[in-house]
Amino acid sequence: MNEIKIKSKNLNVYYGEKQALFDVNLDLNEKEVTALIGPSGCGKSTFIRCINRMNDVIDICKVSGNIEIDGVEINDKNLDVVSLRERVGMVFQKPNPFPKSIYDNISYGPKIHGKGETKSELDEIVENSLKKAALWEEVKDRLDEPGTGLSGGQQQRLCIARAISVNPEVILMDEPCSALDPIATAKIEELIDELKKTYTIVIVTHSMAQAVRVSQKTGFFHLGKLIEVGKTEKIFKNPDNKMTQDYITGRFG
Amino acid sequence: MSNEHTVKSYEEELRYLIDSVIKMGSLTESQLVDSMDAVIKVDKDSIDKIIKSDDEINKFRSKIDTQIMTLLVKRAPMAIDLRETISSLKISQDLERIGDLSKSNAKKVKPLPLDLPEELLGNLKRLGDLVIKQLNDVLDSYVNKNYDKAKEVWEKDEQVDDLTYIAMESVIDFLSKDKKNLDFSTHLIFATKNLERAGDHITNIAESICFLIKGEYLKGSRPKGKVIEK
(Lines give C-alpha, C1' and ligand atoms only; values in the text may rest on other atoms or scores of the structure.)
Protein backbone atom coordinates (compact mmCIF):
# COMPACT_ATOMS: atom_id res chain seq x y z
CA MET A 1 0.00 0.00 0.00
CA ASN A 2 1.37 3.39 -1.00
CA GLU A 3 1.70 6.32 1.40
CA ILE A 4 -1.27 8.56 2.06
CA LYS A 5 -1.18 11.62 -0.19
CA ILE A 6 -4.51 13.21 0.67
CA LYS A 7 -6.33 12.90 3.96
CA SER A 8 -9.81 14.24 4.65
CA LYS A 9 -10.93 14.46 8.26
CA ASN A 10 -14.51 15.17 9.30
CA LEU A 11 -15.09 17.04 6.08
CA ASN A 12 -18.48 18.78 5.91
CA VAL A 13 -19.68 20.85 2.98
CA TYR A 14 -22.77 23.05 2.86
CA TYR A 15 -24.41 24.76 -0.08
CA GLY A 16 -26.36 27.38 1.81
CA GLU A 17 -28.71 25.47 4.12
CA LYS A 18 -28.19 22.20 2.35
CA GLN A 19 -25.47 19.96 3.68
CA ALA A 20 -23.73 18.12 0.82
CA LEU A 21 -21.06 16.18 2.73
CA PHE A 22 -21.23 14.74 6.23
CA ASP A 23 -18.06 14.03 8.20
CA VAL A 24 -16.16 12.45 5.36
CA ASN A 25 -12.98 10.71 6.47
CA LEU A 26 -11.10 9.40 3.49
CA ASP A 27 -7.45 8.68 2.80
CA LEU A 28 -6.18 8.70 -0.77
CA ASN A 29 -2.93 6.93 -1.50
CA GLU A 30 -0.07 8.36 -3.47
CA LYS A 31 0.38 7.14 -7.05
CA GLU A 32 -2.79 5.17 -6.94
CA VAL A 33 -6.17 5.61 -8.59
CA THR A 34 -9.09 6.06 -6.23
CA ALA A 35 -12.55 5.79 -7.77
CA LEU A 36 -15.51 7.51 -6.17
CA ILE A 37 -18.90 6.05 -6.99
CA GLY A 38 -22.45 6.72 -5.92
CA PRO A 39 -25.77 7.96 -7.27
CA SER A 40 -26.10 11.50 -8.64
CA GLY A 41 -26.08 14.09 -5.89
CA CYS A 42 -24.30 11.82 -3.40
CA GLY A 43 -21.41 14.23 -2.91
CA LYS A 44 -18.61 12.55 -4.82
CA SER A 45 -17.99 15.54 -7.11
CA THR A 46 -18.34 17.91 -4.17
CA PHE A 47 -15.66 15.89 -2.43
CA ILE A 48 -13.12 16.09 -5.23
CA ARG A 49 -13.84 19.78 -5.70
CA CYS A 50 -12.67 20.24 -2.12
CA ILE A 51 -9.26 18.82 -2.99
CA ASN A 52 -8.38 21.78 -5.23
CA ARG A 53 -10.77 24.20 -3.53
CA MET A 54 -12.97 24.58 -6.57
CA ASN A 55 -15.84 25.12 -4.15
CA ASP A 56 -14.29 28.50 -3.24
CA VAL A 57 -15.85 29.93 -6.38
CA ILE A 58 -19.36 29.12 -5.13
CA ASP A 59 -20.41 31.91 -2.77
CA ILE A 60 -22.91 29.90 -0.73
CA CYS A 61 -20.54 26.99 -0.28
CA LYS A 62 -19.02 26.48 3.16
CA VAL A 63 -16.45 23.86 4.02
CA SER A 64 -15.52 22.67 7.50
CA GLY A 65 -13.18 19.95 8.62
CA ASN A 66 -9.79 19.20 7.15
CA ILE A 67 -8.17 18.17 3.94
CA GLU A 68 -4.46 17.62 4.06
CA ILE A 69 -2.13 17.07 1.14
CA ASP A 70 1.21 15.68 2.29
CA GLY A 71 0.16 16.57 5.82
CA VAL A 72 -0.49 20.24 5.03
CA GLU A 73 -3.98 21.65 5.57
CA ILE A 74 -5.34 23.09 2.33
CA ASN A 75 -8.41 24.79 3.77
CA ASP A 76 -6.12 27.33 5.40
CA LYS A 77 -7.28 30.79 4.27
CA ASN A 78 -3.67 31.88 3.84
CA LEU A 79 -2.91 29.09 1.42
CA ASP A 80 -2.24 30.23 -2.14
CA VAL A 81 -5.07 28.64 -4.11
CA VAL A 82 -3.33 29.17 -7.45
CA SER A 83 -0.33 27.15 -6.37
CA LEU A 84 -2.67 24.53 -4.87
CA ARG A 85 -4.35 24.16 -8.28
CA GLU A 86 -0.95 23.88 -9.86
CA ARG A 87 -0.36 20.86 -7.65
CA VAL A 88 -3.87 19.49 -8.11
CA GLY A 89 -5.04 19.40 -11.72
CA MET A 90 -8.56 18.69 -12.83
CA VAL A 91 -10.25 17.11 -15.83
CA PHE A 92 -13.98 17.54 -16.29
CA GLN A 93 -16.83 15.52 -17.68
CA LYS A 94 -17.05 17.44 -20.91
CA PRO A 95 -13.77 18.17 -22.65
CA ASN A 96 -13.24 21.91 -22.36
CA PRO A 97 -10.20 22.96 -24.39
CA PHE A 98 -9.53 26.69 -24.59
CA PRO A 99 -10.57 28.26 -27.91
CA LYS A 100 -6.93 28.39 -28.82
CA SER A 101 -4.43 26.26 -30.70
CA ILE A 102 -3.40 22.85 -29.45
CA TYR A 103 -0.01 24.31 -28.57
CA ASP A 104 -1.49 27.23 -26.64
CA ASN A 105 -3.84 24.95 -24.74
CA ILE A 106 -0.84 23.18 -23.25
CA SER A 107 1.54 26.12 -22.89
CA TYR A 108 -1.02 28.40 -21.21
CA GLY A 109 -0.70 26.83 -17.73
CA PRO A 110 3.10 26.67 -17.63
CA LYS A 111 3.23 30.30 -18.78
CA ILE A 112 0.99 31.64 -16.02
CA HIS A 113 2.76 29.51 -13.43
CA GLY A 114 6.10 30.85 -14.59
CA LYS A 115 7.33 27.58 -16.01
CA GLY A 116 9.00 27.41 -19.37
CA GLU A 117 10.45 30.85 -19.86
CA THR A 118 11.89 30.30 -23.30
CA LYS A 119 10.21 29.06 -26.44
CA SER A 120 12.31 25.90 -26.47
CA GLU A 121 11.41 25.17 -22.83
CA LEU A 122 7.73 25.58 -23.67
CA ASP A 123 8.13 23.40 -26.76
CA GLU A 124 9.58 20.71 -24.57
CA ILE A 125 6.75 20.98 -22.04
CA VAL A 126 4.13 20.83 -24.81
CA GLU A 127 5.75 17.79 -26.40
CA ASN A 128 6.22 15.96 -23.11
CA SER A 129 2.71 16.71 -21.91
CA LEU A 130 1.16 15.55 -25.18
CA LYS A 131 3.32 12.42 -25.11
CA LYS A 132 2.27 11.63 -21.54
CA ALA A 133 -1.34 12.12 -22.59
CA ALA A 134 -0.78 9.74 -25.54
CA LEU A 135 -1.77 12.44 -28.01
CA TRP A 136 1.55 13.58 -29.45
CA GLU A 137 1.62 11.22 -32.43
CA GLU A 138 -1.87 12.30 -33.47
CA VAL A 139 -1.31 16.06 -33.28
CA LYS A 140 2.42 16.74 -33.63
CA ASP A 141 2.01 18.04 -37.20
CA ARG A 142 -0.86 20.39 -36.44
CA LEU A 143 -0.04 22.03 -33.12
CA ASP A 144 -1.24 25.41 -34.42
CA GLU A 145 -4.72 24.12 -35.22
CA PRO A 146 -7.55 24.84 -32.76
CA GLY A 147 -7.93 22.39 -29.89
CA THR A 148 -11.66 22.48 -30.38
CA GLY A 149 -11.21 20.91 -33.82
CA LEU A 150 -10.10 17.60 -32.32
CA SER A 151 -12.42 14.64 -31.73
CA GLY A 152 -14.09 14.32 -28.31
CA GLY A 153 -11.60 11.70 -27.11
CA GLN A 154 -8.65 13.73 -28.40
CA GLN A 155 -10.03 16.86 -26.73
CA GLN A 156 -10.24 15.02 -23.42
CA ARG A 157 -6.65 13.82 -23.78
CA LEU A 158 -5.72 17.40 -24.64
CA CYS A 159 -7.33 18.48 -21.36
CA ILE A 160 -5.34 15.79 -19.55
CA ALA A 161 -2.17 17.01 -21.28
CA ARG A 162 -3.09 20.54 -20.19
CA ALA A 163 -3.48 19.36 -16.60
CA ILE A 164 -0.14 17.54 -16.75
CA SER A 165 1.71 20.48 -18.29
CA VAL A 166 2.19 22.26 -14.97
CA ASN A 167 3.58 19.08 -13.44
CA PRO A 168 0.91 18.48 -10.78
CA GLU A 169 1.02 15.84 -8.05
CA VAL A 170 -2.66 15.03 -8.10
CA ILE A 171 -5.12 14.77 -10.98
CA LEU A 172 -8.85 14.93 -10.27
CA MET A 173 -11.13 13.50 -12.92
CA ASP A 174 -14.84 14.14 -12.80
CA GLU A 175 -16.48 11.57 -15.08
CA PRO A 176 -13.80 12.05 -17.72
CA CYS A 177 -15.21 9.46 -20.13
CA SER A 178 -18.94 9.98 -19.87
CA ALA A 179 -19.03 11.93 -23.14
CA LEU A 180 -16.72 9.57 -25.01
CA ASP A 181 -17.20 6.49 -27.19
CA PRO A 182 -15.80 3.10 -26.06
CA ILE A 183 -12.53 3.39 -27.98
CA ALA A 184 -11.83 6.93 -26.74
CA THR A 185 -12.78 5.69 -23.24
CA ALA A 186 -10.36 2.78 -23.53
CA LYS A 187 -7.58 5.19 -24.53
CA ILE A 188 -8.26 7.39 -21.50
CA GLU A 189 -8.34 4.36 -19.22
CA GLU A 190 -5.06 3.12 -20.67
CA LEU A 191 -3.67 6.59 -20.06
CA ILE A 192 -4.89 6.64 -16.45
CA ASP A 193 -3.06 3.38 -15.89
CA GLU A 194 0.13 4.97 -17.17
CA LEU A 195 -0.36 8.28 -15.34
CA LYS A 196 -0.79 6.63 -11.96
CA LYS A 197 2.91 5.78 -11.99
CA THR A 198 3.57 9.51 -11.63
CA TYR A 199 0.42 11.07 -10.20
CA THR A 200 -2.15 10.46 -7.52
CA ILE A 201 -5.47 10.18 -9.33
CA VAL A 202 -9.01 10.55 -8.06
CA ILE A 203 -11.76 9.69 -10.51
CA VAL A 204 -15.48 10.16 -10.15
CA THR A 205 -17.36 7.73 -12.33
CA HIS A 206 -20.85 6.40 -12.87
CA SER A 207 -19.47 3.34 -14.60
CA MET A 208 -18.86 0.50 -12.16
CA ALA A 209 -16.92 -1.37 -14.80
CA GLN A 210 -14.66 1.63 -15.26
CA ALA A 211 -14.09 1.92 -11.51
CA VAL A 212 -13.10 -1.76 -11.43
CA ARG A 213 -10.83 -1.39 -14.43
CA VAL A 214 -8.91 1.73 -13.47
CA SER A 215 -8.81 2.00 -9.69
CA GLN A 216 -7.05 0.32 -6.82
CA LYS A 217 -9.29 1.83 -4.18
CA THR A 218 -13.00 2.66 -4.32
CA GLY A 219 -15.19 4.82 -2.11
CA PHE A 220 -18.97 4.65 -2.20
CA PHE A 221 -20.92 7.80 -1.34
CA HIS A 222 -24.60 8.05 -0.60
CA LEU A 223 -26.53 11.16 0.42
CA GLY A 224 -23.35 12.99 1.30
CA LYS A 225 -21.88 10.23 3.42
CA LEU A 226 -18.95 7.99 2.66
CA ILE A 227 -20.60 4.62 3.17
CA GLU A 228 -17.69 2.32 2.45
CA VAL A 229 -14.16 2.54 1.18
CA GLY A 230 -11.74 -0.26 0.46
CA LYS A 231 -9.72 -2.09 -2.11
CA THR A 232 -11.58 -1.99 -5.42
CA GLU A 233 -11.52 -5.75 -5.80
CA LYS A 234 -13.09 -6.23 -2.39
CA ILE A 235 -15.75 -3.56 -2.95
CA PHE A 236 -16.94 -5.11 -6.20
CA LYS A 237 -16.67 -8.77 -5.24
CA ASN A 238 -17.72 -8.75 -1.63
CA PRO A 239 -18.53 -5.36 -0.10
CA ASP A 240 -19.11 -5.18 3.65
CA ASN A 241 -21.97 -2.73 3.52
CA LYS A 242 -25.40 -3.73 2.24
CA MET A 243 -25.98 -0.29 0.72
CA THR A 244 -22.79 -0.60 -1.29
CA GLN A 245 -23.89 -4.01 -2.50
CA ASP A 246 -27.36 -2.76 -3.40
CA TYR A 247 -25.88 0.13 -5.35
CA ILE A 248 -23.23 -1.73 -7.32
CA THR A 249 -25.62 -4.55 -8.19
CA GLY A 250 -28.19 -2.07 -9.48
CA ARG A 251 -30.74 -2.52 -6.72
CA PHE A 252 -31.08 1.16 -5.96
CA GLY A 253 -29.71 4.38 -7.21
CA MET B 1 -30.44 -11.86 -2.79
CA SER B 2 -31.77 -8.82 -1.00
CA ASN B 3 -33.74 -6.04 -2.65
CA GLU B 4 -34.90 -6.38 -6.21
CA HIS B 5 -32.91 -5.00 -9.11
CA THR B 6 -34.00 -1.75 -10.67
CA VAL B 7 -33.93 -3.63 -13.98
CA LYS B 8 -36.65 -6.27 -13.64
CA SER B 9 -35.38 -8.42 -16.49
CA TYR B 10 -31.99 -8.71 -14.75
CA GLU B 11 -33.78 -9.96 -11.65
CA GLU B 12 -35.66 -12.49 -13.78
CA GLU B 13 -32.51 -13.69 -15.52
CA LEU B 14 -30.77 -14.34 -12.21
CA ARG B 15 -33.85 -16.07 -10.81
CA TYR B 16 -34.06 -18.19 -13.95
CA LEU B 17 -30.41 -19.19 -13.60
CA ILE B 18 -30.85 -20.20 -9.96
CA ASP B 19 -34.00 -22.14 -10.88
CA SER B 20 -32.09 -24.00 -13.57
CA VAL B 21 -29.41 -25.02 -11.06
CA ILE B 22 -32.09 -26.17 -8.60
CA LYS B 23 -33.85 -28.21 -11.31
CA MET B 24 -30.56 -29.71 -12.45
CA GLY B 25 -29.77 -30.57 -8.84
CA SER B 26 -33.10 -32.26 -8.36
CA LEU B 27 -32.65 -34.28 -11.56
CA THR B 28 -29.14 -35.30 -10.48
CA GLU B 29 -30.46 -36.39 -7.12
CA SER B 30 -33.20 -38.54 -8.71
CA GLN B 31 -30.65 -40.10 -11.01
CA LEU B 32 -28.33 -40.90 -8.09
CA VAL B 33 -31.23 -42.45 -6.15
CA ASP B 34 -32.26 -44.52 -9.19
CA SER B 35 -28.75 -45.73 -9.89
CA MET B 36 -28.23 -46.75 -6.25
CA ASP B 37 -31.54 -48.54 -6.33
CA ALA B 38 -30.54 -50.35 -9.50
CA VAL B 39 -27.23 -51.48 -7.96
CA ILE B 40 -28.74 -52.66 -4.68
CA LYS B 41 -31.68 -54.44 -6.33
CA VAL B 42 -29.55 -55.54 -9.29
CA ASP B 43 -32.34 -54.09 -11.42
CA LYS B 44 -31.11 -54.42 -14.98
CA ASP B 45 -34.31 -53.07 -16.50
CA SER B 46 -33.76 -49.55 -15.18
CA ILE B 47 -30.27 -49.10 -16.67
CA ASP B 48 -31.42 -47.52 -19.94
CA LYS B 49 -33.68 -45.04 -18.17
CA ILE B 50 -30.83 -43.91 -15.92
CA ILE B 51 -28.45 -43.51 -18.86
CA LYS B 52 -31.07 -41.45 -20.67
CA SER B 53 -31.62 -39.18 -17.67
CA ASP B 54 -27.93 -38.30 -17.86
CA ASP B 55 -28.59 -36.71 -21.25
CA GLU B 56 -31.16 -34.46 -19.57
CA ILE B 57 -28.60 -33.43 -16.95
CA ASN B 58 -26.05 -32.64 -19.66
CA LYS B 59 -28.63 -30.54 -21.49
CA PHE B 60 -29.19 -28.54 -18.29
CA ARG B 61 -25.47 -27.96 -18.04
CA SER B 62 -25.36 -26.49 -21.57
CA LYS B 63 -28.42 -24.40 -20.85
CA ILE B 64 -26.87 -23.03 -17.65
CA ASP B 65 -23.62 -22.25 -19.48
CA THR B 66 -25.59 -20.23 -22.03
CA GLN B 67 -27.54 -18.43 -19.33
CA ILE B 68 -24.31 -17.53 -17.52
CA MET B 69 -22.64 -16.24 -20.68
CA THR B 70 -25.69 -14.10 -21.45
CA LEU B 71 -25.72 -12.72 -17.91
CA LEU B 72 -22.02 -11.88 -18.01
CA VAL B 73 -22.32 -10.14 -21.36
CA LYS B 74 -25.57 -8.31 -20.68
CA ARG B 75 -25.26 -7.40 -17.03
CA ALA B 76 -21.59 -7.53 -15.99
CA PRO B 77 -22.75 -8.76 -12.56
CA MET B 78 -21.07 -7.42 -9.42
CA ALA B 79 -20.71 -8.55 -5.80
CA ILE B 80 -23.44 -11.04 -4.76
CA ASP B 81 -24.71 -11.30 -8.36
CA LEU B 82 -21.22 -12.06 -9.61
CA ARG B 83 -20.78 -14.71 -6.93
CA GLU B 84 -24.21 -16.15 -7.74
CA THR B 85 -23.24 -16.40 -11.40
CA ILE B 86 -19.81 -17.92 -10.81
CA SER B 87 -21.18 -20.37 -8.23
CA SER B 88 -23.89 -21.51 -10.66
CA LEU B 89 -21.19 -22.31 -13.19
CA LYS B 90 -19.18 -24.33 -10.68
CA ILE B 91 -22.15 -26.09 -9.11
CA SER B 92 -23.53 -27.14 -12.49
CA GLN B 93 -20.13 -28.61 -13.40
CA ASP B 94 -20.09 -30.66 -10.21
CA LEU B 95 -23.69 -31.78 -10.72
CA GLU B 96 -22.85 -32.92 -14.22
CA ARG B 97 -19.94 -34.99 -12.90
CA ILE B 98 -22.18 -36.57 -10.25
CA GLY B 99 -24.58 -37.43 -13.10
CA ASP B 100 -21.73 -39.11 -15.00
CA LEU B 101 -20.81 -41.15 -11.93
CA SER B 102 -24.43 -42.26 -11.42
CA LYS B 103 -24.59 -43.29 -15.06
CA SER B 104 -21.33 -45.18 -14.68
CA ASN B 105 -22.74 -47.01 -11.65
CA ALA B 106 -25.93 -47.91 -13.53
CA LYS B 107 -23.81 -49.47 -16.27
CA LYS B 108 -22.07 -51.61 -13.67
CA VAL B 109 -25.34 -53.36 -12.82
CA LYS B 110 -25.33 -55.32 -16.08
CA PRO B 111 -22.61 -57.86 -15.20
CA LEU B 112 -23.77 -58.34 -11.59
CA PRO B 113 -25.30 -61.72 -10.61
CA LEU B 114 -28.85 -61.50 -9.30
CA ASP B 115 -28.07 -63.36 -6.07
CA LEU B 116 -25.55 -61.04 -4.46
CA PRO B 117 -25.25 -61.70 -0.72
CA GLU B 118 -26.84 -59.10 1.52
CA GLU B 119 -23.74 -58.52 3.65
CA LEU B 120 -21.90 -57.45 0.52
CA LEU B 121 -24.50 -54.88 -0.48
CA GLY B 122 -25.34 -53.65 3.01
CA ASN B 123 -22.27 -51.41 3.35
CA LEU B 124 -22.59 -50.19 -0.22
CA LYS B 125 -26.21 -49.26 0.44
CA ARG B 126 -25.26 -47.36 3.61
CA LEU B 127 -22.63 -45.46 1.62
CA GLY B 128 -25.15 -44.73 -1.16
CA ASP B 129 -27.75 -43.53 1.34
CA LEU B 130 -25.23 -41.19 2.93
CA VAL B 131 -24.13 -39.74 -0.42
CA ILE B 132 -27.78 -39.23 -1.41
CA LYS B 133 -28.44 -37.46 1.89
CA GLN B 134 -25.35 -35.31 1.41
CA LEU B 135 -26.55 -34.28 -2.05
CA ASN B 136 -30.03 -33.58 -0.72
CA ASP B 137 -28.63 -31.48 2.14
CA VAL B 138 -26.27 -29.52 -0.07
CA LEU B 139 -29.08 -28.72 -2.51
CA ASP B 140 -31.25 -27.63 0.41
CA SER B 141 -28.49 -25.33 1.60
CA TYR B 142 -28.29 -23.87 -1.92
CA VAL B 143 -32.03 -23.24 -2.12
CA ASN B 144 -32.13 -21.66 1.35
CA LYS B 145 -28.69 -20.02 1.14
CA ASN B 146 -27.82 -21.72 4.41
CA TYR B 147 -24.09 -21.33 5.12
CA ASP B 148 -24.05 -23.53 8.24
CA LYS B 149 -25.78 -26.39 6.50
CA ALA B 150 -23.40 -26.23 3.53
CA LYS B 151 -20.45 -26.26 5.92
CA GLU B 152 -21.96 -29.24 7.75
CA VAL B 153 -22.11 -31.18 4.47
CA TRP B 154 -18.51 -30.25 3.78
CA GLU B 155 -17.41 -31.57 7.15
CA LYS B 156 -19.52 -34.71 6.88
CA ASP B 157 -17.64 -35.93 3.83
CA GLU B 158 -15.30 -37.54 6.34
CA GLN B 159 -18.09 -40.06 7.01
CA VAL B 160 -18.36 -40.73 3.27
CA ASP B 161 -14.65 -41.54 3.23
CA ASP B 162 -15.04 -43.87 6.20
CA LEU B 163 -18.02 -45.70 4.73
CA THR B 164 -16.23 -46.00 1.39
CA TYR B 165 -13.37 -47.69 3.19
CA ILE B 166 -15.73 -50.10 4.95
CA ALA B 167 -17.71 -50.88 1.76
CA MET B 168 -14.50 -51.44 -0.14
CA GLU B 169 -13.19 -53.81 2.51
CA SER B 170 -16.34 -55.91 2.44
CA VAL B 171 -16.08 -56.28 -1.35
CA ILE B 172 -12.41 -57.23 -1.07
CA ASP B 173 -13.22 -59.77 1.69
CA PHE B 174 -15.88 -61.28 -0.51
CA LEU B 175 -13.55 -61.35 -3.46
CA SER B 176 -10.81 -63.09 -1.48
CA LYS B 177 -13.21 -65.92 -0.58
CA ASP B 178 -13.56 -67.08 -4.15
CA LYS B 179 -11.56 -65.93 -7.17
CA LYS B 180 -14.53 -66.51 -9.47
CA ASN B 181 -16.13 -63.45 -7.88
CA LEU B 182 -13.36 -61.35 -9.39
CA ASP B 183 -15.23 -60.11 -12.45
CA PHE B 184 -18.30 -58.56 -10.87
CA SER B 185 -16.48 -57.62 -7.64
CA THR B 186 -14.30 -55.31 -9.66
CA HIS B 187 -17.44 -53.57 -10.83
CA LEU B 188 -18.59 -53.18 -7.24
CA ILE B 189 -15.22 -51.70 -6.27
CA PHE B 190 -15.58 -49.13 -9.06
CA ALA B 191 -19.15 -48.40 -8.03
CA THR B 192 -17.97 -47.77 -4.47
CA LYS B 193 -15.19 -45.51 -5.66
CA ASN B 194 -17.68 -43.62 -7.85
CA LEU B 195 -19.82 -42.89 -4.80
CA GLU B 196 -16.82 -41.57 -2.95
CA ARG B 197 -16.03 -39.30 -5.90
CA ALA B 198 -19.63 -38.13 -6.01
CA GLY B 199 -19.15 -37.23 -2.33
CA ASP B 200 -16.13 -35.12 -3.29
CA HIS B 201 -18.18 -33.24 -5.89
CA ILE B 202 -20.81 -32.62 -3.23
CA THR B 203 -18.18 -31.04 -0.98
CA ASN B 204 -17.13 -28.87 -3.94
CA ILE B 205 -20.73 -27.72 -4.22
CA ALA B 206 -20.77 -26.99 -0.48
CA GLU B 207 -17.63 -24.89 -0.91
CA SER B 208 -19.21 -22.98 -3.80
CA ILE B 209 -22.28 -22.27 -1.68
CA CYS B 210 -20.18 -21.00 1.24
CA PHE B 211 -18.28 -18.76 -1.20
CA LEU B 212 -21.55 -17.55 -2.69
CA ILE B 213 -22.94 -16.60 0.70
CA LYS B 214 -19.90 -15.08 2.42
CA GLY B 215 -17.62 -14.20 -0.47
CA GLU B 216 -14.75 -16.26 0.87
CA TYR B 217 -13.75 -19.87 0.64
CA LEU B 218 -13.84 -22.20 3.62
CA LYS B 219 -10.52 -22.06 5.36
CA GLY B 220 -8.34 -25.04 6.09
CA SER B 221 -8.53 -28.48 4.61
CA ARG B 222 -11.63 -30.60 4.77
CA PRO B 223 -11.65 -33.34 7.44
CA LYS B 224 -10.65 -36.60 5.75
CA GLY B 225 -11.74 -40.09 6.67
CA LYS B 226 -9.91 -43.35 6.10
CA VAL B 227 -8.04 -43.53 2.83
CA ILE B 228 -9.16 -46.37 0.58
CA GLU B 229 -5.84 -46.69 -1.19
CA LYS B 230 -4.45 -48.23 2.03
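Read from the N terminus, chain B runs α-α-α-α-α-α, with six helices and zero strands (DSSP runs numbered from the N terminus, H or I of at least four residues for helices and E of at least two for strands). The model is predicted, so local features need pLDDT of at least 70 and side-chain atom pairs pLDDT 80 or more, while totals for chains, interfaces and linings use all residues. Residues are numbered from 1 along each chain as its sequence is written, and chains are lettered from A and ligands numbered from 1 in the order in which they are written.

Of the 230 residues of chain B, 39% are buried (20 or more other C-beta atoms, placed from the backbone, within 10 Å of the residue's own). The C-alpha trace spans about 70 × 40 × 20 Å along its principal axes.

Helices H2(B), residues 47-75, and H3(B) make a pair whose axes come within 9 Å and cross at roughly 165° (axes are lines fitted to C-alpha atoms over the stretch in contact, with angles from 0 to 180 degrees between N-to-C directions). H2(B) is therefore roughly antiparallel to H3(B), a label for angles over 145 degrees.

Turning to the interface, 14 residues from chain B meet 15 residues from chain A. On the chain B side, H3(B), residues 79-107, gives the largest share, four residues.

How values were computed
A residue is buried if 20 or more other C-beta atoms lie within 10 Å of its own, exposed if 12 or fewer, and partly exposed in between; C-beta atoms are placed from the backbone. Two residues are in contact if their C-beta atoms, placed from the backbone, lie within 7 Å. Angles under 35 degrees count as roughly parallel, over 145 as roughly antiparallel, 65 to 115 as roughly perpendicular and the rest as oblique.
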